[in-house]
Amino acid sequence: MTVPLLSIRDLHLRMSSFDGRAHVLNGINLTVNRGEIWGLVGESGCGKSLTGLSVSRLQPTPPAHYTAGEILLDGQDLLKLSPAQMQRLRGNRIGMIFQDPTTNLNPAFRIGEQLVDVALAAAQHDPAVMDCPPNASRHARRQAARKLAGEMLARVGIPNALARLDDYPHQFSGGMRQRVLIAMALIGRPDLLIADEPTTALDVSVQAQILELIKNSVKDFDMGVVLITHNLGVVAQTCSHVAVMYAGNIVESGPVAAVIGNPVHPYTRALMSAIPTRETKRGALRGLAGSVPNLIVPPPGCRFAPRCQFALPACVAAMPASVPVGDSHAVACIRATEMEALVDD
Amino acid sequence: MTEIMLEIDNVSKIYPGRRGIFGTSQEVHALKNVSLSVRKGESFGLVGESGSGKTTLTRSILHLETPTSGSIRVQGQDLGKLSDAELRRLRARVQIVFQDPYASLNPRMSVYDIVTEPLVIHHETLGLTNRQRSDRAAELLSLVGMGPQHLHRYPHEFSGGQRQRICIARALASGPELLLLDEPTSALDVSVQAQVLNLLCELQDRLGLTYFFISHDLAVVRYLCDRVALINRGEIVEQGDCAQIFDAPKSEYARMLIGAMPEVKVPARTGSNT
């Protein structure tokens with residue numbers, strides 16, 4: 001058995017705030033292999049982004065505090081690395097794309113310069129990124145980086161890429177800026193790509209193109225991807241696997257076909273029935289009452305129990321463990337096995 | 001023959017080019033000969049990508065922008081020909097709910113102040129006393145599924161879904177017949193979005209409102225609207241019954257938009273395709 005690309009084991013994260021300590025991640029387990037696209041879905045405030053930020057260690061400590069668990073990248077625990085060691089991995093082994101393409105590019109620098117800087121930084125740690133020896137002259141390295149930047153820009157589907165290297169971010173549309181950010185994330189040939197809501201700010205037509213681009217990049221670069229989104233439609237279209245998060249826990253995870261085709265956890269079911277489909281009759285949409293619980297004083301036992309229509313007294317007694325219900329399909333619910341019968345009633 | 005609530009007739013809007021310190025900008029044709037009509041009591045969806053002119057059209061309906069040519073009529077009254085006082089009276093009947101409930105509520109006003117502000121502004125038209133306003137505020141809140149205990153709180157105490165309910169209550173305060181909904185659910189989580197959509201359905205059935213629903217989310221439009229128009233680069237590409245457009249789109253643009261819509265269903269190929 002090979003070592004998985006990314007393995008998060010029993011990760012616990014506490015956040016200090018004025019009101020007390022919030023238990024924002026509560027035993028996250030997630031394994032991502034090369035070639036897999038994992039979708040991380042859930043409502044706002046359930047810890048999706050924090051999981052992503054924890055992997056790239058971009059969450060400042062304090063206020064964050066990792067109380068237990070480990071994040072293994074090819075077997076190496078990221079939580080034990082020094083900031084300098086971590087900085088070497090970012091952009092080089094871990095690439096990130098964020099939600100808003102307008103605020104993540106510096107408006108005062110040309111696109112090309114920003115890409116070249118990332119390429120040069122990545123090449124410092126891994127000379128294989130550019131076909132240029134590390135001891136070459138500064139000019140030669142910049143030339144090589146610029147050539148690479150042009151290739152990457154062309155690869156993410158920007159027409160006339162070489163000429164556009166000299167453009168400023170404001171000359172690009174939203175979708176094209178997101179492509180530039182993807183190029184920037186991929187330029188260091190990362191093994192792991194973390195995409196935090198990469199298409200939320202974009203139009204549906206552009207969204208489809210960007211998702212296609214991420215899918216193809218996985219094949220081209222043999223990476224693993226963690227795609228954070230709140231849109232189950234995006235997951236169904238793009239991902240190979242999905243983990244549904246609720247209030248700091250992964251409540252259901254597995255291959256997309258299994259989870260979307262046969263959702264077991266009541267929360268996953270509720271999320272899916274909240275999305276209008278072709279068949280939904282007017283006024284028949286089922287929302288999910290209540291809101292995500294306060295994580296400073298989380299509800300006892302299963303955190304979803306207060307909003308769950310199938311909750312039993314036993315649900316409040318203890319946090320349910322994740323149990324397998326199918327081929328690598330796991331659910332954290334004590335009534336997982338009887339759920340099918342319950343829903344039919 | 002059903003009554004026409006809103007009629008947009010051949011409206012164009014051109015923003016003139018400007019000379020600034022970075023050179024001259026081109027003039028922008030934000031709307032090109034847009035014509036559509038909304039019947040009383042129906043939900044009309046306007047779908048388009050960003051920059052397609054949705055917002056310009058919405059602002060024109062409220063007469064916050066003056067169209068370069070063409071006319072907009074609300075229940076037969078041409079907005080361009082009304083005096084300021086007539087326009088103010090008309091605006092009591094046309095209200096809007098904005099996209100972002102975090103930005104559209106004044107953080108320093110209590111819910112009571114927010115909800116009764118339209119009653120004060122449209123005092124001439126509505127003529128309510130202070131006492132009546134208080135009653136109306138409580139009534140409005142219960143209409144959107146909140147209670148009188150929320151009246152004296154401030155926006156920061158509410159979640160996104162509750163804030164959007166407050167925005168809807170404010171829009172309903174002056175008793176409008178036409179409600180413009182500018183992406184009212186795109187800033188909300190799906191579970192909350194479902195609640196707000198259900199509330200909108202319920203309010204329409206109860207109050208007989210006409211909705212002009214602007215969105216880029218086709219699934220939501222298909223769920224809520226009776227008829228829909230697709231707008232691209234300031235031009236109406238296709239309009240018609242919702243079912244007809246979603247099942248048999250005629251234009252290339254409609255096919256592209258519907259094809260790009262992410263549906264929650266198991267992909268045809270198995271998950272391990274990568």
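In chain B, the axes of helix H3 (residues 111–121) and helix H6 (residues 160–172) come within 7 Å and cross at roughly 30°. Axes here are lines fitted to C-alpha atoms, for helices over the stretch in contact, and angles run from 0 to 180 degrees between N-to-C directions. H3(B) and H6(B) are therefore roughly parallel to each other, where angles under 35 degrees count as roughly parallel, over 145 as roughly antiparallel, 65 to 115 as roughly perpendicular and the rest as oblique. The model is a predicted one, in which local features need pLDDT of at least 70 and side-chain atom pairs count only at pLDDT 80 or more, whereas totals for chains, interfaces and linings use all residues. Residues are numbered from 1 along each chain as its sequence is written, and chains are lettered from A and ligands numbered from 1 in the order in which they are written. Helices (H or I, at least four residues) and strands (E, at least two) are DSSP runs, numbered from the N terminus.

On the H3(B) side of this helix pair, Val111(B), Ile114(B), Val115(B) and Pro118(B) meet Ile166(B), Ala169(B) and Arg170(B) of H6(B). Two residues are in contact if their C-beta atoms, placed from the backbone, lie within 7 Å. The residues of this contact divide into six nonpolar, no polar and one charged. In this classification, Ala, Val, Leu, Ile, Met, Phe, Trp, Tyr, Cys and Pro count as nonpolar, Asp, Glu, Lys and Arg as charged, and the others, Gly among them, as polar.

Chain B is divided into domain 1 (1–17 + 27–93 + 176–260) and domain 2 (105–175), with bounds that come from an automatic or database domain assignment. The C-alpha centres of domain 1 of chain B and domain 2 of chain B lie 25 Å apart. Across the boundary, 11 residues of domain 1 of chain B are in contact with 14 residues of domain 2 of chain B. Helix H7 (residues 190–207) of chain B gives the most to the domain 1 side, with four residues. By class, that side has nine nonpolar, one polar and one charged residues.

Chain B also holds an open sheet of four strands in the order E4-E1-E6-E7, with antiparallel pairing; two strands pair if DSSP finds at least two bridges between them. Its edge strands are E4 (28–39) and E7 (77–78) of chain B, each of which pairs on one side only. Strand E1 (residues 4–15) of chain B pairs with E4(B) in the antiparallel sense over eight bridges, and Leu31(B) in E4(B) is the bridge partner of Lys13(B). The antiparallel pairing of E1(B) with E6(B) comprises five bridges, with Glu7(B) opposite Arg73(B) in E6(B). Strand E6 (residues 69–74) of chain B is in turn joined to E7(B) by two bridges, and these strands run antiparallel. Gln77(B) in E7(B) is the bridge partner of Val74(B).

An open sheet of four strands is likewise found in chain A, in the order E2-E1-E4-E5 and with antiparallel pairing. Strand E2 (20–32) and strand E5 (76–77) of chain A form the edges, each pairing on one side only. Strand E1 (residues 6–17) of chain A and E2(A) pair in the antiparallel sense over 10 bridges. Within E2(A), Arg21(A) is the bridge partner of Ser16(A). The domain assignment of chain A gives domain 1 (101–189) and domain 2 (264–344), and the C-alpha centres of these two domains lie 44 Å apart.

Between the chains, 42 residues of chain A are in contact with 32 residues of chain B. Helix H7 (204–221), helix H8 (232–238), helix H9 (256–261) and helix H10 (266–273) of chain A each supply at least two residues of the side of chain A that touches chain B. The largest share, seven residues, comes from H7(A). By class, this side of chain A has 19 nonpolar, 16 polar and seven charged residues.

Over residues 6–272, chain A is 39% helix and 26% strand, and the end C-alpha atoms are 28 Å apart. Over residues 6–258, chain B is 38% helix and 27% strand, with the end C-alpha atoms 27 Å apart.
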